[in-house]
Amino acid sequence: MLKQEQIREVLARAEEIEQESGPWRNSADAEALLRAAEEVGISRDAMIQAIQEFSPMIVPPEVGSRVFARSSDDHFYVADVIDASEGGVRVRFLQGSEHTVPTSDIRPLDLLPGQKLMCNWKGWWGWGTASIVSYNPKTERVEATDGFMTKKFRLHDVRLRERQERPFARKVMFWLFTAAALGGAAGSLITMWLSR
């Protein structure tokens with residue numbers, strides 16, 4: 001059961017999300033998309049989260065707010081808005097570089113439990129898909145799990161998950177099956193060659 005303070009925090013965060021999500025939620029197109037998704041068995045909450053993750057912001061973000069912004073490597077990283085105008089949004093990425101991007105290259109910074117994103121696991125694992133367990137805005141740490149391991153990440157070690165990227169576990173399985181198939185093929189060729 002949630003404590004009174006936790007309930008207040010949840011309500012405050014819900015209000016922030018409602019304000020950040022802007023007018024798309026009330027548009028006829030958005031409502032039609034949400035209804036169509038529900039008809040095929042996709043929950044409204046899942047669709048809203050997907051729209052927020054992959055849709056550009058409708059209105060420019062406020063100066064001083066924190067967002068996901070597209071970087072030169074085509075990924076969306078956490079950045080602070082330092083200027084917003086009709087010409088674009090000037091952001092400072094947490095790694096320190098500044099860049100001006102169009103509003104279409106900005107995504108809201110919604111770090112909600114269950115949301116999928118990419119985390120830098122460092123070492124030879126590198127970037128992999130993980131699900132958010134929790135986010136602590138005071139320490140700016142995202143706790144995430146890949147299904148095997150749970151770890152806390154700094155905000156500059158997370159980015160939005162792109163649709164074309166394979167989830168981390170699938171990458172591992174792909175390489176394991178590839179290695180097994182190649183090993184099996186090599187074994188068959190050696191056996192065939194030796195049986196001559």
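**Ground rules.** I worked from a predicted model, in which local features need pLDDT of at least 70, side-chain atom pairs count only at pLDDT 80 or more, and totals for chains, interfaces and linings use all residues. I numbered residues from 1 along each chain as its sequence is written, and the side-chain values use heavy atoms, with hydrogens and water left out.

Entry 1: Strands here are DSSP runs of E of at least two residues, and helices are runs of H or I of at least four, numbered from the N terminus.

I then listed the contacts (heavy atoms within 4.5 Å) of C119. Leaving aside neighbours within four places in sequence, C119 is in contact with G126, W127, G128, A130, A144, F153, D157 and V158.

**Entry 2: R66.** R66 sits in strand β1, residues 66-70. I found R66 partly exposed, at a relative accessible area of 24%. On this scale buried is under 20% relative accessible area, exposed is over 50%, and partly exposed is in between (1.4 Å probe, protein chains only). Not counting residues up to four places away in sequence, R66 touches V78, A79, D80, L94, L109, E140 and L155.

I checked the side chain of R66 for polar contacts (N or O atoms within 3.5 Å; within protein, one able to donate a hydrogen and the other to accept it, with residues adjacent in sequence counted only if both atoms are side-chain atoms). The R66 side chain makes one with the side chain of D80 at 2.7 Å and one with that of E140 at 2.4 Å.

**Entry 3: salt bridges.** I searched the whole structure for salt bridges (a side-chain nitrogen of Lys or Arg within 4 Å of a carboxyl oxygen of Asp or Glu) and got 8. One of them pairs R66 with D80, the closest N and O atoms being 2.7 Å apart. R66 is in strand β1 and D80 in strand β2, so this pair ties together parts 14 residues apart in sequence. D80 is partly exposed, at 21%. R66, D80 and E140 are linked in a network of salt bridges.

Which residue forms a salt bridge with K122? It is D157, with the closest N and O atoms 3.4 Å apart. D157 is in the loop between β9 (150-154) and β10, and K122 is in the loop between β6 and β7, 35 residues apart. D157 counts as buried at 7% relative accessibility, whereas K122 is partly exposed at 37%.

I also noted R92 and E98, whose side chains meet in a salt bridge of 2.9 Å, N to O.

**Entry 4: R159.** R159 lies in strand β10 and is buried, at 6%. Its side chain is joined to that of Y77 by a polar contact of 3.0 Å.

**Entry 5: positive phi.** Most residues other than glycine have a negative phi. I looked up D74, in the loop between β1 and β2, where phi is positive, near 75 degrees. E140, in the loop between β7 and β8, also has a positive phi, near 55 degrees.
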